[in-house]
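Here's a quick tour of a protein model for someone who likes geometry with the cut-offs spelled out. Have a look at the fold before reading on.

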Amino acid sequence: MLLLKNGLVVTGDGRTLYEKASVLIDDEGDIAYVGERVDDTVEAKAEVVDCTGKAVMPGMINHHQHGVTFGPIFASGLKNYGRERIIELLDRNLLQGHTTTMNVDGFATMDEVKETQANHPMRLKTATTHLPINYQAALECDGKGLSEVHKAMTAEKMIEQGAVCIGEVGGGHTLGGGGQDYLYIPKKVKEVKGIDIDYMQARKMKLAVLGRFIEKSYYNRDIVAAALEDAGLASIMTPEECRDIIWETTYASVQVALDGYKEAAKEAIRLDVPLMCHNAPTSMKKVHEIAKMGVKHFIACHSNYLFTKDEAVENGKYLKEFYGVILDAAVHDPFGQKHLVATPENLFAFYENDLIDILSTDFANGQCDSMLKAIEEATKRNLVSLPKAVAQGTTNVTEALPKIAPRLGLLAPGYIADVLVVNYPNVSEVERIYIGGKLIAKDGVKVCNDPPTRW
């Protein structure tokens with residue numbers, strides 16, 4: 001037995017916080033007791049970890065992550081980064097306090113997910129977008145990671161084999177989002193002009209040609225010329241060259257990807273599974289259209305992303321009030337790298353307006369901040385209570401996605417002991433990570449590589 005003693009215990013139910021309590025884990029890796037008193041005879045038989053000054057909470061369930069399987073990545077079906085980099089990304093997620101992570105690169109097969117899981121202790125689940133129009137959108141953008149095996153797979157087969165939901169439908173790579181900024185536009189500029197550009201230069205090119213709503217009719221030569229001057233690229237390419245690069249890399253897949261929303265919604269209704277869709281200015285109208293179709297557990301991904309703050313709040317309120325859409329707020333990287341998202345303003349606005357149903361990290365080119373970092377910063381600003389914030393990353397996720405983490409996300413008798421011991425109030429500083437009652441990481445170092453044995 002394992003006794004995590006005298007910590008501030010947050011159970012994950014959204015309400016309960018014990019100022020000084022203990023969590024008892026039995027030899028099977030289940031939670032046996034949570035409360036303020038432990039029998040002396042039980043304590044005498046247990047391995048005791050003193051959690052004074054620490055917080056004890058459920059492991060975070062990160063339901064939106066890319067690049068974490070040995071399959072193709074992103075909505076574009078890109079060839080993956082290689083096994084070493086994939087394991088690095090899994091390790092990063094784990095050490096951030098995410099004990100379960102879901103792959104939303106929807107073209108991986110279940111065999112690829114299982115093979116990845118065999119190489120890592122963090123629980124790994126997957127979504128699916130194995131649907132005809134989604135395949136077409138991937139091929140318009142990239143598709144080089146898609147084999148005949150991937151193309152022959154269907155969403156229905158994936159759900160039968162254990163996929164959690166349909167998603168992420170759309171994405172930054174096929175809908176003109178951040179993936180274009182850090183990958184496809186710089187790659188094309190290198191190919192055509194022989195120079196390297198950074199993601200900010202790429203973003204300026206994209207927005208100048210297509211605008212924030214990614215519309216081909218937006219193009220204006222004078223606007224593009226001014227943007228190229230601002231980005232230090234005026235001597236490198238003409239406005240027409242910039243236009244052609246952006247139309248080829250970014251716009252080509254957009255309409256096809258948007259058409260894939262309705263296809264995915266119909267399949268989610270037919271299979272009675274949750275649906276996760278990319279929600280951004282480009283896809284906002286399509287998200288509203290799909291919301292009217294009656295999909296059970298319809299999740300609007302990263303609803304705080306790419307919109308202005310006012311747009312994000314207004315759109316989020318509308319989706320929740322009129323359609324009952326589940327709003328996902330993504331952390332991205334505003335506390336660390338600040339590359340994809342420079343400020344947490346939109347995230348904090350979602351906390352302030354009580355719009356967050358579930359919390360995830362998204363990818364941020366592999367540099368995302370942790371869910372716990374968002375929780376830490378929001379609670380320090382009194383934007384949300386700690387119990388409620390923890391639930392948004394645990395039990396709320398299990399309710400939105402019933403197959404993602406059965407018997408997980410809650411510190412209560414009978415639940416599997418995926419448990420974190422973190423500093424308090426700096427909850428992003430993770431000291432101990434237990435999965436199934438087994439110590440997996442301590443003080444920022446992974447100490448066990450064994451995959452989980454119990455679900």
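Predicted model: local features only at pLDDT ≥ 70, side-chain atom pairs only at ≥ 80, totals over all residues.

Residues are numbered from 1 along each chain as its sequence is written, and side-chain values use heavy atoms, with hydrogens and water left out.

Let's start with the open sheet: 5 strands in the order β9-β10-β11-β12-β13, paired in parallel. Two strands pair if DSSP finds at least two bridges between them; helices (H or I, at least four residues) and strands (E, at least two) are DSSP runs, numbered from the N terminus. At the edges sit β9 (166-169) and β13 (358-360), each pairing on one side only. Inside the sheet, β10 (275-278) and β11 (298-301) share 4 parallel bridges, with L275 opposite F298 in β11.

Helix α12 (284-291) lies across β10 and β11, at about 170 degrees to β11. Helix α14 (345-352) also packs on the sheet, touching β12 (326-330) and β13, and its direction makes about 140 degrees with that of β12. Contact here means heavy atoms within 4.5 Å; axes are lines fitted to C-alpha atoms (for helices over the stretch in contact), with angles from 0 to 180 degrees between N-to-C directions.

Elsewhere, the axes of α9 (221-230) and α10 (239-251) come within 9 Å and cross at roughly 95 degrees. That makes the two helices roughly perpendicular (65 to 115 degrees; under 35 is roughly parallel, over 145 roughly antiparallel, the rest oblique). R221, V224, A225 and L228 of α9 meet P239, E240 and C242 of α10.

Is Q65 buried or exposed? At 1% relative accessibility, Q65 is buried (under 20%; exposed is over 50%, partly exposed in between, with a 1.4 Å probe and protein chains only). Q65 sits in strand β6 (60-65), and its contacts include N93, T101 and C368.

Finally, the whole structure has 32 salt bridges, each a side-chain nitrogen of Lys or Arg within 4 Å of a carboxyl oxygen of Asp or Glu. Here are some of them:

| Pair | N to O distance |
|---|---|
| R454 and D30 | 2.8 Å |
| K54 and E431 | 2.7 Å |
| E345 and K309 | 3.9 Å |

K54 lies in β5 (54-58) and E431 in β15 (430-435), so this pair ties together parts 377 residues apart in sequence. As for burial, D30 is buried at 13%, whereas R454 is partly exposed at 24%.

Technical notes. Lists of a residue's contacts leave out its neighbours within four places in sequence.
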